[in-house]
Amino acid sequence: MRTKLSPLKPLAALLLVLRGVVLALILALLGVDLYVVQSTVFLHDAMPMPFGYGASVVLSGSMEPALSAGDLIIVREEESYAVGDEIVFRDGASFTVHRLQSIDGDTFVTRGDANDTDDAPIRAADVKGKVVKRLKGAGDLVSAVRSPVGIVVTLGLAVALFEAPYLLRERKKREQLDSIRAEIEALKNEK
């Protein structure tokens, strides 16, 4: 005996796709966060570079107009750097992205495009990598999603998307039961 499958209704199909997307997003965020925490706590590396690539959010306007606060930058480790490269380097406990102005052996001098003076010289060993991609404004989204409110909203959305099909099925069952009860009452009244 063959069973006929009914096609998914548009709302159910949309919810199924949204559930998959949200689940993938949550798993990706969880994986990245676990990796960053592990790198920060155990390896004391605040900007991990898996496979030679890392990402960071630009926090200031010192590189305007090339980079703006709120941009997400992709950074790649390089064997060597050239004058004019936008590089990310360790600056105390944080990181800075500025343009490479000069190279003297293992000493680099940088400056933000919007700044009037050079930065203090840095060691080549402090350089994390070169900016290879700018995603305009995407850093604001990343920061929002990783904020406490963003995490709560993302988890709330996930719960809602996972519960919605169950709630729809329960509503449909209640409607069917109400319809059956109404039929029974109608049959009783006919007698």
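This report walks through strand pairing, an aromatic pair and a helix contact in a predicted model.

## Strands around β3

Let's start with β3, which has two antiparallel partners to look at. With strand β4 (residues 94-104), β3 pairs in the antiparallel sense over 6 bridges. Within this pairing, isoleucine 87 stands opposite histidine 98 of β4. The hairpin of β3 and β4 has 2 residues between the strands, and glycine 92 takes a positive phi there, near 75°.

With strand β7 (residues 127-135), β3 also pairs in the antiparallel sense, here over 3 bridges. Phenylalanine 89 is found opposite valine 127 in β7.

## The aromatic pair

Searching the whole structure turns up 1 aromatic pair. The ring centres of tyrosine 81 and phenylalanine 108 lie 6.3 Å apart with the planes at 75°, so the pair is edge-to-face. Distant parts of the chain are linked by this pair, as its residues are 27 apart: tyrosine 81 sits in the loop between β2 (72-76) and β3 (86-91), and phenylalanine 108 belongs to strand β5 (residues 107-111). Both tyrosine 81 and phenylalanine 108 are buried.

## Where α2 meets α3

Now for the helices. The axes of helix α2 (residues 138-146) and helix α3 (residues 148-190) come within 4 Å of each other and cross at roughly 75°. Because of that angle, α2 is roughly perpendicular to α3.

On the α2 side, the contact is made by Ala144, Val145 and Arg146, while α3 brings in Pro148, Gly150, Ile151 and Thr154. By type, the residues of this contact of α2 with α3 are 4 nonpolar, 2 polar and 1 charged.

Terms used: Residues numbered from 1 in each chain as written. Predicted model: local features only at pLDDT ≥ 70, side-chain atom pairs only at ≥ 80, totals over all residues. Heavy atoms only, no water. Axes fitted to C-alpha atoms, helices over the stretch in contact; angles between N-to-C directions. Parallel < 35°, antiparallel > 145°, perpendicular 65-115°, else oblique. Contact = heavy atoms within 4.5 Å. Nonpolar A, V, L, I, M, F, W, Y, C, P; charged D, E, K, R; others polar. Phe/Tyr/Trp six-rings, centres within 6.5 Å; stacked < 30°, edge-to-face > 60°. Buried < 20%, exposed > 50% of the residue type's maximum accessible area, 1.4 Å probe, protein only. Pairing = 2+ DSSP bridges.
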